[in-house]
Amino acid sequence: MQITNKFNLPESIVNAIRNDPYTSGPCDISVTRLISPPRKVALERQHFKDLELEAVDMWWSLWGQAIHVVLDRAELVADTETRLTIERQGWNISGQFDRFDPVSGILTDYKVTSCYSVKNGSRSEWIAQMNILATLLRENGYAVNQLQIVVILRDWSKSQAQRSTDYPTQPVVTIEIPLWSEERCEEYIDERIRLHQAARDKLPECSAEERWQTANVFALMKEGRKTAVKLFESEDEAEAACKAVGDKHHLVFRPGKSIRCESYCPAAPFCEQYQREKASVVEE
Ligand code: SF4
């Protein structure tokens, strides 16, 4: 995998990105990959040498690493940044947790992310990741009583928080994550291994959820204004609203986007599914 620097970031920053000591250790799959789309993981594996990541896109990942280092200063009792493995169906699964307090049994993960990411609560991938890490801990002799993610909002704005009621009230938010039963964890892990093993033989398609697909919308536009007055997912509702506000308005169709494919999947240049979807949008 190559780290490119098309935006000419300072060399020290690019070197810090390139010299990331993180490794998933000797394993068949890491927890992060286990919860990722099987197609994405299989393609990244097939094309590993040719993958390119742009340094500027790794900036927030570097920022996240810095936060982890600083937060390590706080620790007196808890275990931090510890890698554990388990074996299922002949595969070794390796995962590293951020913080585990053996006294309270609370497992904590830190995530540096955008306000948009937490607007709709915790993502299903976060819930799965935390519950697999809980399985790793249990199998290594620890009792896990509670899961939580401490989300550090990198783009939080105080003025936006004062203006909007559905915006986080502070830049650091703790989200409680549901703790699955051991049985549910095992079922989930078995199913994910099966999917990833199958993907090595025959690539599955990524689902809309896995691609972080946004909905098609109809934008109600007003003459002389660049941004939409309102967005509608229903064409009927959009047309009714447009009629109601008069002839200085019109509707513009905005097709949904696959956010992960566009911006967060290094396998995208090698992905026939994504290339096909891009081509179909251009044709329309
Ligand atoms: S580019 Fe999109 S469809 Fe292709 S592997 Fe990546 S996430 Fe899946």
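Three strands make an open sheet in the order S10-S9-S11, with antiparallel pairing. Two strands pair if DSSP finds at least two bridges between them. This is a predicted model: local features need pLDDT of at least 70, side-chain atom pairs count only at pLDDT 80 or more, and totals for chains, interfaces and linings use all residues. Residues are numbered from 1 along each chain, as its sequence is written.

**The chain overall**

- The chain has 11 helices and 11 strands. Both are DSSP runs numbered from the N terminus: helices are H or I with at least four residues, strands are E with at least two.
- Along the principal axes, the C-alpha atoms fill a box of roughly 70 × 45 × 45 Å.
- Of the 284 residues in the chain, 20% are buried. A residue is buried if 20 or more other C-beta atoms lie within 10 Å of its own, exposed if 12 or fewer, and partly exposed in between; C-beta atoms are placed from the backbone.
- Among contacts with a separation of 6 or more, 70% join residues 24 or more positions apart. Two residues are in contact if their C-beta atoms, placed from the backbone, lie within 7 Å.

- The edge strands are S10 (230-232) and S11 (249-254), and each pairs on one side only.
- From one strand to the next, the twist averages 30°.
- Strand S9 (residues 217-222) pairs with S10 in the antiparallel sense over three bridges.
- Phe 218 stands opposite Phe 232 in S10.
- Helix H9 (residues 235-245) lies across S9, S10 and S11, and runs at about 160° to S11. Axes are lines fitted to C-alpha atoms, for helices over the stretch in contact; angles run from 0 to 180 degrees between N-to-C directions.

**Strands paired with S5**

- Strands of a sheet pair through backbone hydrogen bonds, either parallel or antiparallel.
- Strand S2 (residues 29-30) and strand S5 (residues 91-101) pair in the parallel sense over two bridges. Ser 30 has Ser 94 in S5 as its bridge partner.
- Strand S4 (residues 79-88) runs antiparallel to S5, and nine bridges join them. Ser 94 in S5 is the bridge partner of Thr 85.
- S4 and S5 form a hairpin with two residues between them. In its turn, Gln 89 has a positive phi of about 50°.
- S5 also pairs with strand S6 (residues 106-113), antiparallel and over three bridges. Here Arg 99 stands opposite Thr 108 in S6.
- The hairpin of S5 and S6 has four residues between the strands. Gly 105 takes a positive phi near 75° in this hairpin.

**Two domains**

- The domain assignment gives domain 1 (2-201) and domain 2 (217-283). Such bounds come from an automatic or database domain assignment.
- The C-alpha centres of domain 1 and domain 2 lie 31 Å apart.
- Seven residues from domain 1 and five residues from domain 2 take part in the contact.
- On the side of domain 1 that touches domain 2, H3 and strand S3 (52-54) each supply at least two residues. The largest share, three residues, comes from H3.
- That side of domain 1 divides into three nonpolar, one polar and three charged residues. Ala, Val, Leu, Ile, Met, Phe, Trp, Tyr, Cys and Pro count as nonpolar, Asp, Glu, Lys and Arg as charged, and the others, Gly among them, as polar.

**Helix H3**

- Helix H3 spans residues 38-46, and its buried residues are Pro 38, Arg 39, Lys 40, Val 41, Ala 42 and Leu 43.
- These buried residues pack against helix H2 (31-34) and helix H8 (182-201).

**Around the ligand**

- The ligand is surrounded by 15 residues, the closest being Cys 206, Cys 261, Cys 265, Cys 271 and Tyr 274. A residue is near a molecule or strand if its C-beta atom, placed from the backbone, lies within 6 Å of it.
- H3, helix H10 (259-263) and helix H11 (272-283) each supply at least two residues of this shell. H3 gives the most, with three residues.
- The shell draws at least three residues from each of domain 1 and domain 2.
- Its residues divide into nine nonpolar, two polar and four charged.

**The start of the chain**

- Gln 2 lies in strand S1 (residues 2-4).
- Gln 2 is exposed because it has 10 other C-beta atoms within 10 Å.
- The C-alpha atoms of Gln 2 and Cys 27 are separated by 22 Å, and the two lie 25 residues apart along the chain.
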